[in-house]
Amino acid sequence: MFMVGAYSGSLVNAIAGLFFVLFERFKQCFTPSLLNHPDTALDMNPHAPNEYIRAMQAVGGVLEDYDSDKQFPALGYGALVHGTPSHCFSLAGALDQSCHGIAGIVQAYQGTIANPAVKLHGPTYFAPVIRHVAGLAREKHFHRQGKEYFVLMILTDGIITDMGATIDAIVEASPLPMSIIIVGVGGADFSAMERLDGDDARLTSSSGVAAARDIVQFVPFREFQRTPGILAKEVLHELPEQVVEYTMKFVQGAHPH
């Protein structure tokens, strides 16, 4: 059972909540410039985890405690997989397979970046994975009457090449039992991620439809990596209210389409 403490102090049950982790640009961590760069988030130092791994361990560790079976689907994007561009593929082998715990996700990530069949390939699209998870959330909503809630966590260095399509996908997902936590890794410009957060202005799709609710939380990992308590607070800052708002609007009310 995935349980989220609501702002009222009660508990909202979102059974079998799923935690998805996205990793982009796998093979870049093996390029000479990054191997020799002292401040790269992707440096594969055998004696210390890179910032991607530290982020997935720290942020994933916060969310892991709320999932009883510890089975987490882990998806990749922005790569050539066996020579074919892929913007949504499983690190565990198949889209319906999962990793056990955060340690399993880290192991799958390390196995993927070492896999010669997986190569860095742009562009960087967020929309396909958001729509994939939204499809799962939509199906579970109608079959489980809102008793399952999906949390999609995206690890990114800030690059996005389908901003319009991503906004459209988020707006489409906004009435579904789903939240998105975007974790910024490294010291890049994250202004695009802050726009997706939707705190300053409600996202509006290319067709003029406004998001039914805010479902995105952006967390710049580097700002909070040395303060685990504050990091946990930032990760969970908006999630309880998002779950409550979904329940009140779309479980007790009309179903999302």
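## Basis of the model

This is a predicted model, in which local features need pLDDT of at least 70 and side-chain atom pairs count only at pLDDT 80 or more, while totals for chains, interfaces and linings use all residues. Residues are numbered from 1 along each chain as its sequence is written, and side-chain values use heavy atoms, with hydrogens and water left out.

## Overall make-up

The protein has nine helices and 13 strands. Helices (H or I, at least four residues) and strands (E, at least two) are DSSP runs, numbered from the N terminus. Of the 257 residues, 52% are buried. The accessible surface is about 11400 Å², and carbon and sulfur atoms hold 55% of that surface. Accessible areas come from the Shrake-Rupley method with a 1.4 Å probe, and for residues only the protein chains shown count as cover.

A contact means heavy atoms within 4.5 Å. Among contacts with a separation of 6 or more, 76% are between residues 24 or more positions apart.

Strand S5 pairs with strand S8 (residues 89-90) in the antiparallel sense, over two bridges. Two strands pair if DSSP finds at least two bridges between them. Leu75 has Ser90 in S8 as its bridge partner.

His82 is in the loop between strand S6 (79-81) and S7, and its relative accessibility of 67% makes it exposed. The phi angle of His82 is near 55 degrees, a positive value in a residue other than glycine. His87 is in the loop between strand S7 (84-86) and S8, and is buried at a relative accessible area of 18%. Leaving aside residues up to four places away in sequence, His87 touches Gly76, Tyr77, Gly78, Pro123, Tyr125, Pro128 and Val129.

Pro128 belongs to helix H4 (residues 127-144) and is partly exposed, at 30% relative accessibility. With residues up to four places away in sequence not counted, Pro128 touches His87 and Asp162. The C-alpha atoms of Pro128 and Cys88 are 6.3 Å apart, although 40 residues separate the two along the chain.

Seven of the seven residues of S11 are buried. Phe150, Leu152, Ile154 and Thr156 lie on one side of S11, with Val151, Met153 and Leu155 on the other. S11 and S12 run parallel and are joined by seven bridges; within this pairing, Leu152 has Ile180 as its bridge partner in S12.

Helix H3 (residues 101-113) has 13 residues and spans 19 Å from its first C-alpha to its last, close to the expected 18 Å. The expected span is 1.5 Å times one less than the number of residues. Buried residues in H3 include Gly101, Ile105, Ala108 and Ile113.

## Nonpolar cores

A nonpolar core is a set of buried Ala, Val, Leu, Ile, Met, Phe, Trp, Tyr and Cys residues joined through side-chain atoms within 4.5 Å. The largest has 36 residues, and Ile181, Val183 and Val235 have the most contacts inside it. Elements giving two or more residues to this core include helix H2 (51-64), H3, strand S11 (150-156) and S12. H2 gives the most, with seven residues. A second, separate core has 31 residues, among them Ala134, Leu176, Ile180 and Val216.

## Aromatic pairs

The structure holds five aromatic pairs. Rings of Phe, Tyr and Trp (its six-membered ring) pair if their centres lie within 6.5 Å; planes under 30 degrees apart count as stacked, over 60 as edge-to-face and the rest as tilted. Phe190 and Phe218 form a tilted pair, at 5.5 Å centre to centre and 45 degrees between the planes. Phe190 is in the loop between strand S12 (178-184) and helix H6 (191-197) and Phe218 is in strand S13 (residues 216-220), so the pair ties together parts 28 residues apart in sequence. Phe190 is buried, at 9% relative accessible area, and Phe218 is buried at 8%. Ring pairs also link Tyr149, Tyr246 and Phe250 into a cluster.

Note on methods
Buried < 20%, exposed > 50% of the residue type's maximum accessible area, 1.4 Å probe, protein only.
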